[in-house]
Amino acid sequence: MKDVWKFARWSSGLSMDLPVDEWKSYVLKKWSLLPLSIQVTVSTAKSLSAIFLQCSSHLQPEDEIFLKRLSSSYLVEKDPDAPLFYREEGNRKFQRKDYKGATVLYSKGISHSRPNTEDISLCYANRSAALFHLGQYEVCLKDIIRAQIHGYPERLQPKMMLRKAECLVALGRLQEANQSIGSRESVITDSRQVRLATGLFPVVSLLNHSCSPNTSVAFINTAATVQASQQIVKGQEILHCYGPHESRMDVAERQQKLRSQYFFECNCPACQNEKHRTTARPRWEAFCCNSCRATMQGDDVLSCGSRSCTESVSRDHLVSRLQGLQRQVGVAQKLLRSGKLEQAIQQLLECQRDAESFLSAEHIVVGRIEDDLAQAYAALGDWGMSATHLQKSLRMVEVRHGPSSIEMGHELFKLAQVFFNGFAIPEALNTIQKAEKVLSVHYGPWNDEIQELQKMKSCLLDLPPIPVGPSV
Ligand SMILES: [Zn+2]
Ligand SMILES: [Zn+2]
């Protein structure tokens, strides 16, 4: 009841019976009195804002009096309840796929919102979604920026970033789309792959899929480049991954994706291996024995894989230990973010000791702890310690994602930076070379990281040579 009443009030105040005709005839009369030269300037202006500027320079005090009289009986103030109301009404239209109607309602919500509030940012964000469906990509991008300027909530950011990337793809601005989605995160191992768009590439389409491919495909505007990601011997089939990669999804998820999107049953070596391996989990999810460090095996009750060891424990117990550990890592990350570096390091070292007693050496959480330790030491300027921990994290990324994966490229890039900052010149040059090699398989030469690597390299090569020989 309340909503209906409000809607009626706002509608009447905003659009239904505005004194448009009275204002129109007033303006027409004014227009006819303007000198011809001004009429020409106004009517040939290039944009709406140029027309507005021209016209407003001809406003006289009597026009203002007329406008005030016209609007005196209308509600012109912002109503604090209106943004939520219009947003919800807009969402209802949106669900019914009435995107135009939704856009109008979100705009009304915006007109009633105060700047720098969640209200206004949500209205802009929702309007950007409606505009996206209407194919108004340029305006959609503008609304995304507006939503961010007015403090769009952090928790909703990923969804909007994806929309931004989709808009950029639709506009053919692939490089920017790529940058807006891959922008680097501190825990690189968490980065996800997101399907942005579908393109038709007749030649590349001839390549068969493998969940463990030997090439990587990069897109430069409308051209696709296929590069080998490992040695391919003469006569060996060239394979690329249609999306579901063995290092990012388990076999069941991959099979489901490939069936629903490409209508085939994948029988690549990776899938065959995983299908036949019934109980064992990948190394990055495995638990290990508390007494002998061998991998634990089994379903509900896990027993040690080593024959000489009798250790056994329930999976529930290990899972709850893992959850406890993850909470402790979370505490350390909070300390890290608030700049309490020494405390963060202490907390992380404790987590590391705990992890060693029940997780495999390549476990994801172990890798995350190493990565956080590397970050904490880097923040302290202790580049040597930072490099030591980063190298451990790097080995785990390699196990999980493979030596020529994007994830590996990002880790190598970080390590190159750490060596560079610590003036470890040969190590830096060596790592820069590896990082460049891996990243250039996945990205073109315009990539920010590759360019930064090249800058680092030329900087190191320009350094005066270090004197060699006995120092006494
Ligand atoms: Zn497969
Ligand atoms: Zn054991």
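Student: What share of the contacts with a separation of 6 or more comes from residues 24 or more positions apart?
Tutor: In this predicted model, such residues account for 56% of those contacts in the protein chain.

Student: How many helices and strands are there?
Tutor: The protein chain has 20 helices and seven strands.

Student: And what percentage of the residues is buried?
Tutor: Buried residues make up 37% of the 472 in the chain.

Student: OK, helix packing. At what angle do α2 and α5 pack?
Tutor: About 170 degrees, with the axes 11 Å apart. Here α2 is residues 20–33 and α5 is residues 61–71.

Student: Parallel or antiparallel, then?
Tutor: Roughly antiparallel, because the angle of about 170 degrees is over 145, which makes α2 roughly antiparallel to α5.

Student: Which residues meet there?
Tutor: From α2, E22, W23, Y26 and K30. From α5, E62, D63, F66, L67, R69 and L70.

Student: How do they split by class?
Tutor: The α2 contact with α5 has five nonpolar and five charged residues, and no polar ones.

Student: Next pair. How do the axes of α12 and α13 cross?
Tutor: At roughly 130 degrees, and the axes come within 10 Å. Helix α12 covers residues 251–262, and α13 covers 269–276.

Student: Why is α12 called oblique to α13?
Tutor: Because roughly 130 degrees lies between the 65 to 115 range for roughly perpendicular and the over 145 cut-off for roughly antiparallel, α12 counts as oblique to α13.

Student: Left-handed or right-handed crossing?
Tutor: The crossing of α12 and α13 is left-handed.

Student: Switching topic: S113. Where does it lie?
Tutor: S113 is in the loop between α7 (99–111) and α8 (118–133).

Student: Is S113 buried or exposed?
Tutor: Buried, because its relative accessibility is 3%, and the cut-off is under 20%.

Student: What lies 2.7 Å from a polar atom of its side chain?
Tutor: The backbone oxygen of G109 lies 2.7 Å from a polar atom of the S113 side chain.

Student: Which residues does S113 touch, leaving out those up to four places away in sequence?
Tutor: S113 touches K78, P83, D119, I120 and C123.

Methods. Residues are numbered from 1 along each chain as its sequence is written. Chains are lettered from A and ligands numbered from 1 in the order in which they are written. This is a predicted model: local features need pLDDT of at least 70, side-chain atom pairs count only at pLDDT 80 or more; totals for chains, interfaces and linings use all residues. Side-chain values use heavy atoms; hydrogens and water are left out. Axes are lines fitted to C-alpha atoms, for helices over the stretch in contact, and angles run from 0 to 180 degrees between N-to-C directions. Helices (H or I, at least four residues) and strands (E, at least two) are DSSP runs, numbered from the N terminus. Angles under 35 degrees count as roughly parallel, over 145 as roughly antiparallel, 65 to 115 as roughly perpendicular and the rest as oblique. A crossing is left-handed if the near helix is turned anticlockwise from the far one by less than a right angle, and right-handed if clockwise. Buried means under 20% relative accessible area, exposed over 50%, partly exposed in between (1.4 Å probe, protein chains only). A polar contact is a pair of N or O atoms within 3.5 Å; within protein, one must be able to donate a hydrogen and the other to accept it, and residues adjacent in sequence count only if both atoms are side-chain atoms. Contact means heavy atoms within 4.5 Å. Ala, Val, Leu, Ile, Met, Phe, Trp, Tyr, Cys and Pro count as nonpolar, Asp, Glu, Lys and Arg as charged, and the others, Gly among them, as polar.
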